Amino acid sequence: GEFAGEFGDPFIQNTNLEGGHIAPALQTLVNITRPIVKIKDLSKYHLPLSTEEDVEKIGKVLDTLEKAAFFGRELNNISKNEILYPKLLEGFVMQIKNLEVGEKIAFPGGWVGPGGGHAIMHVIEREDEDNYAFVVCNTGEGAQYHPAHFKSYPKEKRITSLRIGEIPTWKMIDPSVWYMLFNLQLTKKEENTPEQLYEVIMPHLTDSVTIANNLNKQIENNKCGEFETLQRSGTCYFRSVLTCLRYLCKLEGLSVDKIKQLLCAIRIAFLQRAR
């Protein structure tokens with residue numbers, strides 16, 4: 001479960017504690033964290049570096065993640081009732097179209113094949129009237145496509161939240177893009193692999209420049225997430241959610257230290273809940 005996802009990653013590889021579902025993980029994280037930002041005494045105790053404005057920003061991030069949990073549950077229902085799929089796609093495209101400049105949505109992603117799958121998170125941002133950004137939050141399979149550094153050798157760290165920007169509106173509201181993306185989770189085919197995301201869908205979204213140039217520009221402008229250690233066990237359903245939380249907090253302007261303190265507070269809240 002989510003407790004294993006939070007604490008067990010270094011220890012549970014090749015055990016029956018691996019694996020989980022991303023929508024419940026999102027909801028659990030929101031439920032665990034919400035009291036910290038709602039109750040002022042808790043906020044002052046757990047987040048002494050943060051101002052009241054910071055706490056409000058964290059609340060906005062939790063709202064975004066809670067909506068992602070709801071969408072994840074809707075997506076899970078598609079596998080039981082495919083008649084709902086066209087309506088879900090139509091609603092999703094309309095949600096993208098209706099984003100105001102500066103607004104964003106988050107939602108679960110990943111791929112499922114005959115022998116299993118991998119969970120990731122995505123964020124879509126409205127950059128301006130004509131352009132969007134698309135973010136991949138990935139802590140495991142497929143992360144070889146994310147830039148790495150080895151400053152903490154032998155520990156390998158990668159930019160786990162990878163962003164491509166300047167995506168024209170007409171591409172972002174094309175239902176076929178999202179049909180392809182969601183099918184990676186819903187169809188359980190052998191071709192559902194990270195290559196479909198990183199070598200087909202993402203390059204398609206970039207416009208006049210190559211995806212490498214687009215990514216380099218995002219990294220140079222500090223638009224992507226931070227370097228993080230990848231997961232060791234099958235905890236993608238939770239680790240990708242934490243990475244998405246980090247990215248959304250950065251997007252709201254929270255410093256690295258304030259985000260680290262929030263993640264520490266979440267760990268404490270998990271322990272208090274388990275006591």
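So, start with W178: at 0% relative accessibility, W178 counts as buried, where buried means under 20% relative accessible area, exposed means over 50%, and partly exposed is in between, with a 1.4 Å probe and protein chains only. Quick housekeeping: this is a predicted model, so local features need pLDDT of at least 70 and side-chain atom pairs count only at pLDDT 80 or more, while totals for chains, interfaces and linings use all residues. Residues are numbered from 1 along each chain as its sequence is written, and side-chain values use heavy atoms, with hydrogens and water left out.

What does W178 pair with? Its partner is F92: the ring centres are 5.4 Å apart and the planes sit at 70°, so we call that edge-to-face. For the record, rings of Phe, Tyr and Trp (its six-membered ring) pair if their centres lie within 6.5 Å; planes under 30 degrees apart are stacked, over 60 edge-to-face, the rest tilted. F92 is in helix 5 and W178 in helix 7, 86 residues apart. Helices here are DSSP runs, H or I, of at least four residues, numbered from the N terminus. F92 is buried too, at 2%.

Zooming out, F71, F92, F107, F134, W178 and F182 form one aromatic cluster, and the structure holds 12 aromatic pairs. Another of those is Y85 with Y179: centres 5.6 Å apart, planes at 25°, so stacked. Y85 lies in helix 5 (residues 85–97) and Y179 in helix 7 (residues 175–186), so this pair ties together parts 94 residues apart in sequence. Y85 is buried at 9%, whereas Y179 is partly exposed at 42%.

Terms used:
Helices (H or I, at least four residues) and strands (E, at least two) are DSSP runs, numbered from the N terminus.
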